[in-house]
Amino acid sequence: MMVFDPAKAATNLIRAAALGTLLCTSHAVAQSELISEAPVEMSDDVRRFCTNIADAARDRRYSLQAMELKKLQEDIDQRMQVLEEKRAEYEDWLKRREDFLAKAQDGVVAIYARMKPDAAAERLAELNAEVAAGILMKLETRQASVILNEMERKAAATVTTIMVAAARTQDPT
């Protein structure tokens, strides 16, 4: 019992179209080689065969290209969905990280706000100048000024320079 296979039929049709094109071309070449000065003439059978299979072969070629494009579009859509999920996951992670850092920084600022000014000045002088400036900028002005007053002169100058640069609204470059 024979079962109709559309893929096999399409392949056979394309092969037949290729063979027909080859026959049409070889017939025309043979004709032109035999009579080089006369115009190329095809027999009616060859012309009819070429004409009959040209549309079917072109249609099948277009449908195969359309199927391939559809498959590629589905692949692109799937990849875009995966990328969108990753982007959403990354944004969620970034938001949680920023929230944590804000809470942690607020906690550190609260710790320094409760310290005695001389002890806070000593510890801030040991920190990275940018971190110390960030903490002092979040403290109340009165507390920050007392701590800066207790700091070593060079460390206080460095921290103050960073605080001034951070407070600028214009890019210094």
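Start with the whole protein chain and its contacts (heavy atoms within 4.5 Å): of those between residues at least 6 apart in sequence, 59% join residues at least 24 apart. This is a predicted model, where local features need pLDDT of at least 70 and side-chain atom pairs count only at pLDDT 80 or more, while totals for chains, interfaces and linings use all residues. Residues are numbered from 1 along each chain as its sequence is written, and side-chain values use heavy atoms, with hydrogens and water left out.

Now switch to cartoon view. You'll find 6 helices and 0 strands (DSSP runs numbered from the N terminus: H or I of at least four residues for helices, E of at least two for strands). Of the 173 residues, 16% are buried, meaning under 20% relative accessible area with a 1.4 Å probe, counting protein chains only.

Next, select Leu124, Leu136, Leu139, Ile147, Leu148, Met151 and Val159. They have the most contacts inside the largest nonpolar core, which has 18 residues (a core is a set of buried Ala, Val, Leu, Ile, Met, Phe, Trp, Tyr and Cys residues joined through side-chain atoms within 4.5 Å). Helices giving it two or more residues include H2 (44–114) and H3 (117–126).

Click on Leu148. What does Leu148 contact, leaving aside neighbours within four places in sequence? Look for Leu136, Ala156, Val159 and Thr160.

Last stop: show H4 and H6. Their axes (lines fitted to C-alpha atoms over the stretch in contact, with angles from 0 to 180 degrees between N-to-C directions) lie 9 Å apart, at about 65°. That makes H4 roughly perpendicular to H6 (65 to 115 degrees). Among the contacting residues are Ala129 and Leu136 of H4, and Val159 and Ile162 of H6.

Terms used. Buried < 20%, exposed > 50% of the residue type's maximum accessible area, 1.4 Å probe, protein only. Parallel < 35°, antiparallel > 145°, perpendicular 65-115°, else oblique.
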